Amino acid sequence: MPNYTLQINGEKKSFTADEDTPLLWVLRDELNLVGTKFGCGIAQCGACTVHIDGVATRSCQMQVSILSDENITTIEGLSADGKHPIQEAWKELDVPQCGYCQSGQIMTASAFLSENKNPSEEEIRQAMHGNICRCASYNRIEKAVKLASEKMSS
């Protein structure tokens, strides 16, 4: 198996994996970064969302063999102390129910807000539409993204 070294959460991480191994399995099984979740396995639900060079990306279909110099950020790397404005908004509005999709939701929202600091409700809804929440806490997710945008703008 080939050896890889990737920049993950600001640190170089080395591991051995088959070329077709999805990034998600390296994060969870090799590097013990279990905040990123396995949902559908076909890049449809968003539970496995991470940032690759700041872009929200589904890690369950991203083969490690096509990555090299990119900066990968997982939910563990979003904030050292869990006080990213989005994480704070999530807590303030008590967004999670079962919580399973939340890291993917937060990673999608943080990438979105880094590009659009003052989104409309429709823009938030459009940005978050690909992340599925089986508890249907969509209204609270949208309110939390709006609150986070306000916190980030002040």
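Colleague: Where is His-84 found?
Modeller: His-84 is in the loop between helix H2 (75-78) and H3. Helices here are DSSP runs of H or I with at least four residues, strands are runs of E with at least two, and both are numbered from the N terminus.

Colleague: Is His-84 buried or exposed?
Modeller: Buried, with a relative accessible area of 15%. Buried means under 20% relative accessible area, exposed means over 50%, and partly exposed is in between, using a 1.4 Å probe and protein chains only.

Colleague: How far is His-84 from Ser-110?
Modeller: Their C-alpha atoms are separated by 8.9 Å, and the two residues are 26 apart along the chain.

Colleague: What sort of model is this, and what are the ground rules?
Modeller: This is a predicted model, where local features need pLDDT of at least 70, side-chain atom pairs count only at pLDDT 80 or more, and totals for chains, interfaces and linings use all residues. Residues are numbered from 1 along each chain as its sequence is written, and side-chain values use heavy atoms, with hydrogens and water left out.

Colleague: On to charges. How many salt bridges are there in the whole structure?
Modeller: A search of the whole structure finds five. A salt bridge is a side-chain nitrogen of Lys or Arg within 4 Å of a carboxyl oxygen of Asp or Glu.

Colleague: Which residue does Glu-88 pair with?
Modeller: Glu-88 forms a salt bridge with Lys-91, and the closest N and O atoms are 3.5 Å apart. Both residues lie in helix H3 (residues 85-92), three residues apart, which is about one turn of the helix. Glu-88 is partly exposed at 26% relative accessibility, while Lys-91 counts as exposed at 51%.

Colleague: And what does Lys-151 meet?
Modeller: The side chain of Lys-151 meets that of Glu-92 in a salt bridge, 3.0 Å from N to O. Lys-151 lies in helix H6 (residues 138-153) and Glu-92 in helix H3, so the pair ties together parts that are 59 residues apart in sequence. Lys-151 is partly exposed, at 33%.

Colleague: At what angle do H3 and H6 pack?
Modeller: About 130°, with their axes 8 Å apart. Axes are lines fitted to C-alpha atoms, for helices over the stretch in contact, and angles run from 0 to 180 degrees between N-to-C directions. H3 and H6 are therefore oblique to each other. Under 35 degrees counts as roughly parallel, over 145 as roughly antiparallel, 65 to 115 as roughly perpendicular, and the rest as oblique.

Colleague: What about H4 and H6?
Modeller: The axes of helix H4 (residues 102-115) and H6 come within 11 Å and cross at roughly 40°. That pair is oblique too.

Colleague: Which residues make up the network?
Modeller: Glu-122, Arg-125 and Glu-142 are linked in a network of salt bridges.

Colleague: Last topic, backbone. What is the phi of Asn-9?
Modeller: Positive, about 55°, although Asn-9 is not a glycine. Asn-9 sits in the loop between strand E1 (3-8) and strand E2 (11-16), and is partly exposed at 24%.

Colleague: And the phi of Asp-53?
Modeller: Also positive, about 50°, and Asp-53 is not a glycine either. Asp-53 lies in the loop between strand E3 (49-52) and strand E4 (55-58), partly exposed at 48%.
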